[in-house]
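The structure is shown below.

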Amino acid sequence: MYHQQLDDFPENFLWGAASAAYQIEGAYQEDGKGISIWDTYAHTPGNTYQGTTGDVAIDHYHHLEEDVALMAKMGLKAYRFSVAWSRIIPDGEGTVNEAGLDFYRRLIHELRKNKIEPVLTLYHWDLPQALQDKYAGWESRQTIVAFKKYCEVLFKAFKDDVKYWVTFNEQNVFTSMGYRWGTHPPKLKNIKKMYEANHIINLANAEAINLFHELVPKGLIGPSFGYGPVYPLTGDPQDVLASVNADDFNNNWWLDVYCRGEYPYFMLKQLQKAKIAPNITEADRKLLKSAKPDFLGINYYHGGTVQTNRLEKQAETANQKDFSATDPYLMQPEADQAQSPEIPMFNSVSSPYLAKTEWGWEIDPIGFRIALRQVYEKYRLPIFVTENGLGAMDKLEDGQIHDSYRIKYLQEHLLAMKEAITDGVEMIGYCAWSFTDLLSWLNGYRKRYGFVYIDRDDNGERTQQRIPKDSFKWYQKIIAENGKQI
Ligand code: BGP
């Protein structure tokens, strides 16, 4: 589809930027905050880049007013942030810590005062450590009870001041990293547990949405999903089939549950055969069906390219060997087959068409348009882009940061989004990742994403001075013109 002229962005389009509590706040033990699994994980040697932690982060906890003033200066229409559960309920399920609520009250108040729409994420990965210790975290249904209580506290406290709410940030990412690859807490490599925990989080998501609709009837809520379109490496039907598999495996497994209230049929069947499917009761099915998100949050960084899986090919030549008869854990992938070790459905490969960032992430603005189209066509929910951005090693030169590469990246993605809108995708807003530089979970402080540079690095906190980059001015203009000229 080629458009000679692109549609305008909707009038009240929410031009925003995003962050997450652990990555910015610091003050990890202040005002009664409890310890989260990320505090523990980052304090354990060898888990993060050069042992970097969010203990101080960019000290947003003590720079709140200054940071919101910069957002106002930029003209931001929305700011997405997450609440640290362990600030609100330090042990995850017991007494509410008023001082923790006060911090977010102040933040929301500042945002409202400056006409910036708050977008509140309930869970951006920092589970209270006490729940991990007591219940093994998301492996237990007890954590759903605790999560509901935490949500209720926030819904009641902020129902009049916050309209947009996000339940879980990138459930696909934190369950895979935590239980498949062992690179996030709880640092396990146990596929069976991953699917079980993931199911429990789906139930928690559904409970939160239903409770929200009861308590905050005027608000809007949805999950934020890390979505990437899947491309077959070639037009060989084998590769195309692999891409269909990968789409089920990477995307539909989560999105169908969120938006249709049921697991995708083929994928579930595969997992059942391999004896790693979660335990789903009738009551679970009913609950999942009953919860309907009001919008879908999409975090977009890149998609993925796949080809047919060698193990699958071998299986075919061996006369359709039945994988259910094999221990899924024996099917350990070779390096390039790492995506679906439990069922050999596809291999992930590098795209020959796309350039990469300094961290090897493919840069694919057309994929952004494809993503928005695919998701909207399938689920017909308004889309809120809750993250998109470029991580790079910015250099401070004479007190300035000339991040033309970031401007180019964002410009191309905004254009793709405008094309998707012209195609017909219904969109609420766009939050760039991120407003200020912040801690990258595993890559330290040198992987910078912000419009605002923070004078701190992996070795120390330095002055924590805030310095707007060239991209700050550029985005300021985009917002002022409502994206008229990108
Ligand atoms: C998303 C997370 C964010 C952020 C971003 C960039 O998956 O939701 O919290 O970290 O990715 O990732 P990274 O910091 O690894 O570059």
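Arg105 is partly exposed, with a relative accessible area of 35%; buried means under 20% relative accessible area, exposed over 50%, and partly exposed in between (1.4 Å probe, protein chains only). The model is a predicted one, in which local features need pLDDT of at least 70 and side-chain atom pairs count only at pLDDT 80 or more, while totals for chains, interfaces and linings use all residues. Residues are numbered from 1 along each chain as its sequence is written, and side-chain values use heavy atoms, with hydrogens and water left out.

**Salt bridges**

Arg105 pairs with Glu98 in a salt bridge, defined as a side-chain nitrogen of Lys or Arg within 4 Å of a carboxyl oxygen of Asp or Glu. Glu98 is partly exposed, at 46% relative accessible area. The whole structure holds 32 salt bridges; three of them are tabulated here.

| Glu25 | Arg87 | 2.7 Å |

Arg87 forms its salt bridge with Glu25. Because Arg87 lies in helix H4 (residues 85-88) and Glu25 in the loop between helix H1 (21-24) and helix H2 (37-43), the pair ties together parts 62 residues apart in sequence. Helices (H or I, at least four residues) and strands (E, at least two) are DSSP runs, numbered from the N terminus. Both Arg87 and Glu25 are buried.

Glu419 is partly exposed at 25% relative accessibility, whereas Arg369 is buried at 14%.

A network of salt bridges links Asp394, Asp403, Arg406, Asp437, Arg448 and Lys469.

**The sheet**

An open sheet of 3 strands has the order S6-S8-S9, with mixed pairing; two strands pair if DSSP finds at least two bridges between them. Strand S6 (230-232) and strand S9 (347-349) are at the edges with a single partner strand each, so one side of each lacks a neighbour in the sheet. Strand S8 (residues 304-307) and S9 run antiparallel and are joined by 3 bridges. Gln307 stands opposite Asn347 in S9.

**A helix pair**

Leu70, Lys73 and Met74 in H3 meet Phe472, Tyr475, Gln476 and Ile479 in H16, where contact means heavy atoms within 4.5 Å.
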